Amino acid sequence: MVSKVGNLFGVALLSVLPWLSLAPEAAGAELHGVLKDADSGAVLAGRIYLQSADGEWRHVRSSEAGGIAIPYDVRRFERSWEVHTTVSAHGWIGDVPEGESLLTAERGTEYLPAQQQVLAREGRRLQVELRLQRWCDPAERGWFSGDTHVHRTVEDLRQLVLAEDLNVALPLTYWVTRSGTAPLSENKAGMAPDGHLIEVDSTHVIYPVNTEYEIFTVDSKQHTLGAVFVLNHQEPLPLGVPPVRPVAEEARRQGALLELDKHNWPWSMMLVPVMEVDLFELSNNHVWRTEFGFRDWRPVAAPDFMEVESGPGGWTERGWIDFGLKTYALLLNCGFRMRPAAGTASGVHPVPLGFSRVYVQMPDGKFDFGEWMRGLDAGRSFVTTGPMLYVSVDGALPGSQLEREENSKLKVRAEVESADPIESIEVVRNGETVHRIDGASAERRGRAWVLLVEYPVEVATTSWLAVRCFARRDDGRVRFAHSGPVWVEVPGRPLRPAKREAEWLVGRMEAELERNRGILDAASMAEYEEALATFQEIVSPPARVHDKKGKTP
């Protein structure tokens, strides 16, 4: 079975298709191939890239009855072009011109890519076997992966989750872009799934009822608000936005989670307190396998105090990632205990499914979708675009809440595994790096670079502790991971953000109130007023009441 991504997203990809210059099917030779596990010899599903010496991309097709080949070709910018074919665990065939072609195979995050040059002669049949080596196995430690921002068809996902070894896929099968539009009445995704969990096998599942509100028009006029996801609800949502609170209330009624899409959409900071958003997409859909593209995408710019890296064209890839990490830290410091998530928007962006992924720990080490969602909600997780990051604080996993006395010291332990050389590991307290280890001290263990860090961190007030790490690649690209926070409660010593952090949120709401005036209705404007009041109270908290003994309760 072969399906085209463009069939699902019509309008979204029409602007992309004229840029494509895939080679014609006619070629000098047939290339017959198969992917295998380097250790077991088992035939694997995976992702195939085939490019001739003149730069032309070619798709492959299955060579066996029952085999599946799913082509993908999405280009957004000059060098941001993702062209591959996902193949099932069967043999496949590609047509190649005379001369050299480069063949690359990948399989999710946990396998090393395999690459081979092939030399074709007219009329000859070439045979190739690529062996993929697993470099880590988080499932052996009880960690299972997911992508919470997916724009692929449910039909294709049945094969894609196996080829990427992605345990959970949450496709946004309902998608609206106009204000006041209920997903039931106008669904851009064009799907109408039921609410049953799709078990591809015992450890790979698809939950198909999830909604994206991504608002670009208000009252039929161009006016961007932004995006928010409702994940794992049971029935189609009967409501449009804005206002957003009714959707949040319906999501809670259905046991769903709310996820913030990119942090710098115009309405994002309003959503956090008004909807009480659960998840922050810490590795988001602008982080790609291909060249970073959104250098000048600035609906909301980073404040100067964040000191976010930029270059001649705008954002650098590292700067964009850092802006997300610092915004997340700022929100945690202001008391919004959002848990990390990761998503790709594979289907509309030039990125494979699961390139950014969130790993959730299973308490008994066995995969279960319901427990995976509970772990995601609890923050028992880390996000990654490459390295594996296993963290504990005084033996407690991410998402835990500990209670300690003032000026207590807690032992932060982090073990990093990476297929790429480790650049650094940072222990973070309330957004500030308190300890940094250079990756030069990592040791090679098997097929991975491994570095273990143990460091005592003192807390004077209620705090959150996390670990992040970065890996360096030969092509200069960035790979990173970030753990969910561990919260440390210090009685009578609340966490206070830096004044500039809270004042920035106030400024964001003041700007949005002005921008939306005369455009949004009274109920929607009231939500911005409510968010403004919340942020103003963080800047200047009310006087604290003392008991008769002079102690603050």
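Two strands are taken to pair if DSSP finds at least two bridges between them, where strands (E, at least two residues) and helices (H or I, at least four) are DSSP runs numbered from the N terminus. On this basis, Glu403 stands opposite Glu489 in strand 35, and strand 27 (residues 401-403) pairs with strand 35 (residues 486-489) in the parallel sense over three bridges. Strand 35 also pairs with strand 33 (residues 463-472), here in the antiparallel sense and again over three bridges, with Leu465 standing opposite Val486.

The model is a predicted one, in which local features need pLDDT of at least 70 and side-chain atom pairs count only at pLDDT 80 or more, whereas totals for chains, interfaces and linings use all residues. Residues are numbered from 1 along each chain as its sequence is written, and side-chain values use heavy atoms, with hydrogens and water left out.

The secondary structure of the chain comprises eight helices and 35 strands. The radius of gyration, taken over C-alpha atoms, is 24 Å, which agrees with the value near 24 Å for a compact globule of 553 residues under the rule of 2.2 Å times the number of residues to the power 0.38. Along its principal axes, the C-alpha trace spans about 95 × 55 × 50 Å.

Of the 553 residues, 59% are buried, that is, under 20% relative accessible area with a 1.4 Å probe, protein chains only. Among contacts (heavy atoms within 4.5 Å) with a separation of 6 or more, 68% are accounted for by residues 24 or more positions apart.

Terms used. Buried means under 20% relative accessible area, exposed over 50%, partly exposed in between (1.4 Å probe, protein chains only).
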